[in-house]
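Please read the points with the sequence and model at hand.

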Amino acid sequence: MFAHIPAYAGDPILSLMEAYQADSRRQKANLSIGLYYDDDGRIPVLGSVGAAVLQLAEQHGPHTYLPMEGMAPYRHALQQLVFGSDSPALKEKRVATIQSVGGSGALRIGAEFLKLYFPGCAVWISDPSWENHQVLFAGAGVAVHTYPYYDPQTNGLRFGEMLATIRGLPARSVVLLQPSCHNPTGIDLSREQWAELIEVLRQHGLIPFLDMAYQGFGHGLEEDAWPVRALVDAGVSFLVSNSFSKNFSLYGERCGGLSVVTPNEDEANRVLGQLKAAVRRVYSSPPLHGARLISTVLCDPALAGQWAAEVAQMRERIARMRRSLRERLEASLPGAPFDYLTTQRGMFSYTGLSGPEADCLREAHGVYVLRSGRLCVAGLNDTNLEHVAHAMATVLRARC
């Protein structure tokens, strides 16, 4: 019956994770998958989340289905975090928000919605982008193209070419953008560049789709959401997905959201209804436990403050690892350009390493990075930093 089905080649990131776990070497470092590790190399349980767990354990509530759109307190807290408590779009009730199965679920529901109500539209993603961006939209039947983004010559941004490409897109083309902590490059637009881009999006009738998976890991919770709020201020209609996997360290709970900013309350209500219909078609309703945890934290001022401080600690640790790795590489290879490590933001850094060099790091030194050269800075700590720096310097020295 199933002899004609081909074998699955495997996900390149998850396959590296499996190879790392099977690696018996004492000195090794997993800098491949997008997970935040603490100074001890462990995925942390945040204190604010632990307090929420204890609160919920005392309530003994039923484990019932959530509505298709998700838990109301969760959705309200999500909107406040993404758009800001003083957002005019929220005050005017023109934002349709659903709780989603992680950020990936938000992207897929958004893709389903766009495919149905903007037939023939295509989505344009950055070159490069997170691998699953292409998979999720193509899986929903949406054509996927790329716009210029990363410049391998400068390890920087091709903003002029990016803007020219977007300016030439047909009206109602979907442009996928990352507000902060760009995955995989760590290279973000400046506020001035965002302002220029937003004007192009507005003038040409394009549909921005912002994917915010790392809010708080770049410059701060408020600062990282600035592009979202700037689009609202510009009067643009758009979609924004967000994820709580990283900033709550709740990967397996699959907590995210999809919001659509519309011109008025009537359109927001109709959009919400069709998002609910898409949810019903795909997974029926979102999971309960993670939403309870997050809404408990965000709706309690004390716990919300504690959580914000914990996010700041994670952000500062990532920044410290960036500085430390840069210092060690500059000491080993004087004159080589490593400033990108501290100008890029968030969990990821594009190192410029080639596929064979990434293979050499893994095979000879037990340092796991993607073949694209993407390195997860959050996997660095004081224990593995020297080994990683030495391995990278050795590989880069051989290039010279």
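The model is predicted: local features need pLDDT of at least 70 and side-chain atom pairs pLDDT 80 or more, while totals for chains, interfaces and linings use all residues. Residues are numbered from 1 along each chain as its sequence is written, and side-chain values use heavy atoms, leaving out hydrogens and water.

**Positive phi values**
- R254 is not a glycine, yet its phi is positive, about 55°.
- R254 lies in the loop between β9 (238-243) and β10 (255-261); helices (H or I, at least four residues) and strands (E, at least two) are DSSP runs, numbered from the N terminus.
- S284, also a residue other than glycine, has a positive phi near 75°.
- S284 is found in the loop between α11 (265-282) and α12, and is partly exposed at 25% relative accessible area.

**Cis peptide bonds**
- The bond from D127 to P128 is cis, with omega near 5°; P128 is placed in the loop between β3 (122-127) and α6 (131-139).
- N183 and P184 are joined by a cis peptide bond with omega about 25°, and P184 is in the loop between β7 (174-177) and α8 (191-203).

**Q79 in helix α3**
- Q79 lies in helix α3 and counts as buried at 14% relative accessibility.
- Leaving aside neighbours within four places in sequence, Q79 is in contact (heavy atoms within 4.5 Å) with G84, L90, V95 and T97.

How values were computed: Buried < 20%, exposed > 50% of the residue type's maximum accessible area, 1.4 Å probe, protein only.
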